[in-house]
Structures are given as C-alpha cells and as structure tokens.
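Reader: I am new to this structure. Please show me how to read its features.

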Amino acid sequence: MDDQHESIDLRSPTVDPSAAAGHSWFPGPPPPMYSCTLTPELVHKAREELQEKPEWRLRDVQALRDMILKEQPNLRTRLDDGFLLRFLRARKFDYDRALQLLLNYHAGRKAWPEVFKDLKPSTVKHVLDLGFLTVLPQPDPDGRYILSLRPGKWKPNDYPFVDNVRAIYLTLEKLIQPEETQVNGIVILADYSGVGMSQASNPGPFLAKKVVSILQDGFPIRIKAVNIINEPRIFKGIFAIIKPFLKEKMAERMTMSSSSSSFPQYILHGSDLRSLHRNVPRSVLPEEYGGTAGQLDLSPWSRVLLDCEEEFVVEFCQPDPLEGVVLPDSMLFEGRQASGQDDDAFRGLRSQLYYCY
C-alpha cells in the first residue's frame, strides 16, 4: 500500500519564509506543520457558519485524507492538514463534497492547460502592471479581503484574455492561504468603467463557462459578495453570457440580490458611490471610489505575488497531478453544459451589443 502512494507529497511546499518580508499587511505563507492561527472569535465563527469543531478538526482532516488514499490512490495531491482544511471549510466539513471539490480543483488544471501551464507570478506581471486586478490592503470590518477587478483596463489587443484568468487564479491561491480568509471569505469589487463591446464579447461563452465553473465548483474559497459599479448598458448582455453556466441559486442571487450564506450577494451600484459605501465602508476604499484609504496603489499586491515566485513554481510547475486518474466526464463543473444553442445565442448577443452602441 505504501508503494502505491510514494509519489504523493503529504507536506505543504517548502518556501522561504522571508518571502513575506516587505509586505507585512498580508500574512506570510503557512508553516509546513499545521497549527491553528484562528482567533477565538474566528473559531466561534467557523463553528457557527462552517460546522467546524476544533476538537474534531484533525480527525475530520484525517477522514478526508483516508478517502483520498482509498478512492483516488493515483492522485498526486498535497495531503497536509492545512491544505485539506481549505476544502473542508469551503464545503462546511461535508467529506464527500470536499473530496469532489478537491477533484474539481485538480481537474480544472487538466481541462485548461493554457491557464495552468507554467503558472507563476512573473508570467502575469503585465496584467498586474496594467491594473486589471489588485487586492486592497485593508480588509473590510468582517475581515474579508477585497479583490478589485477593473476589466475596462484591458483591451483585446493588449494580450490574450486568458492572461487575466491566470492572474485571477494566482491571486485566489494567495488569498486562500490565511485561515482567516478560509473562514471569512472574500469580497469582489468590479469596476466596469471603460468596458465596451470589444471587452464584453471577447471571452465568448466557452471561456466564460470555464471561468464561472472554476470559481463556482473548482476552487476552495468563499466569495461572500460581489459589488459591481459603473456597469454599462451592455452589462445585461455580459450577464446573458454568464448566466447559463451558473447554478440556479447563484443566478437567482445575481438577479434578486437576496441574502444567503451559501452564495455570494451580487449588488449593482451603477455610479452611486453612496450605495457602494453602504456595503463597503469608505475607510477601506481608495479615493477613486470615494474612500479615505488613499489613492489606489497597485504595487503592494504586485509585490506580494511576485515575491512568491518560488512558492508558485513548487505548486504549479510540476507534472500533471491527474496523470493515471480516471474521472467521469460529468464530474467536473456542475453548471449547464455548453451547446450549439449557447453559440447561437452568443452570436445573437453580439448583434445586440453592437445595437447598444
């Protein structure tokens, strides 16, 4: 039995702890041996919201580890406590759903090699420099880091859209490392200023499906709210591209903006900054969004990622973890499958977008 798993690394990647130096606002990489870093308040929150019992935490991790070794003996994945806890917390300590999420996480890499091949921060520096995304230095009052997306900064002639996806994925990988994020989740602030027809229609339904599927079913992070500002008239067209691939409940949340702990809340603010401030306090927002936290500075998050180059090389620039693993076609991504009808709808949508302009 031991020989069967000799290629599996039970430990977290070994990285230089000095990598976090110079940007103390964001926690450094976790230690190789797991030790709980949650405050008493977060321990209570995890118990209430995630069904996490501190006295059973390591027992639950071992149960998931045993399931992986038994049901997927050829899967080359990390099995250390800290890594597996991400998946348990993301699925409220449901072993079966956590295992499914882990398989989706690895299957996403196999299904989209243009995103995951040679995935490291230096390959997306141009995306960071352009300002397509960043993470605001201060979390909100609920302890949630804010991922700021500005799709209008990107133009199709700049570089392939898939580079934006690579930068988003690396950012999520870094954000999910601290246990605080695993419990609190994150907030997304999407500023659609400058988004025109070329950006809105460029990804297409196939690419949109992949992005939504990975975020929805293939990554162990809790997206608690999505605040959308300065959305153009064509935003309904953008949503029309995405909606077919959303789970029913998530699509309803995007339409109704009702409250739920299981799915993120989508809030359209338009150009009303007062509406934004009712959901994200001014104290954590940059001046560009009516905040008091100074001007938007891209460099802090860029440094966080670029200083972790070695860490991501260890994590992503390795052999395929699913080599030799047989997975059913229906396993990955629970959103509705793309079809010829989707392509036809997209062609019709393009003409509607042109009409809007």
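Reader: Is W301 buried or exposed?

Author: Buried means under 20% relative accessible area, exposed over 50%, and partly exposed in between, with a 1.4 Å probe and protein chains only. W301 has a relative accessible area of 0%, so W301 is buried. F26 is buried too, at 2%. This is a predicted model: local features need pLDDT of at least 70, side-chain atom pairs count only at pLDDT 80 or more, and totals for chains, interfaces and linings use all residues. Residues are numbered from 1 along each chain as its sequence is written, and side-chain values use heavy atoms, with hydrogens and water left out.

Reader: How many aromatic pairs are there?

Author: Rings of Phe, Tyr and Trp (its six-membered ring) pair if their centres lie within 6.5 Å; planes under 30 degrees apart count as stacked, over 60 as edge-to-face and the rest as tilted. By this rule there are 13 aromatic pairs. In one of them, the ring centres of F26 and W301 lie 5.2 Å apart with planes at 85 degrees, so the pair is edge-to-face. Helices are DSSP runs (H or I, at least four residues), numbered from the N terminus. F26 sits in the segment before α1 (40–50) and W301 in helix α14 (residues 299–306), 275 residues apart.

Reader: What kind of aromatic pair do F83 and Y105 form?

Author: F83 and Y105 are edge-to-face, 6.1 Å centre to centre, with 65 degrees between the planes. F83 belongs to helix α3 (residues 81–90) and Y105 to helix α4 (residues 95–111). Ring pairs also link F83, F87, Y105, F116, Y169 and F219 into a cluster.

Reader: How are two packed helices described?

Author: By the angle between their axes and the distance between the axes. Axes are lines fitted to C-alpha atoms, for helices over the stretch in contact, and angles run from 0 to 180 degrees between N-to-C directions. The axes of helix α2 (residues 57–71) and α3 come within 10 Å and cross at roughly 90 degrees. Angles of 65 to 115 degrees count as roughly perpendicular. The helices α2 and α3 are therefore roughly perpendicular to each other.

Reader: Which residues of α2 and α3 meet?

Author: Contact means heavy atoms within 4.5 Å. R57, L58, D60, V61, L64, R65 and I68 in α2 meet D81, L84, L85, L88 and R89 in α3.

Reader: How many residues of α3 are buried?

Author: Eight of the 10, so α3 is largely enclosed by the rest of the structure. Among what covers its buried residues are α1, α2 and α4.

Technical notes
Helices (H or I, at least four residues) and strands (E, at least two) are DSSP runs, numbered from the N terminus. Angles under 35 degrees count as roughly parallel, over 145 as roughly antiparallel, 65 to 115 as roughly perpendicular and the rest as oblique.
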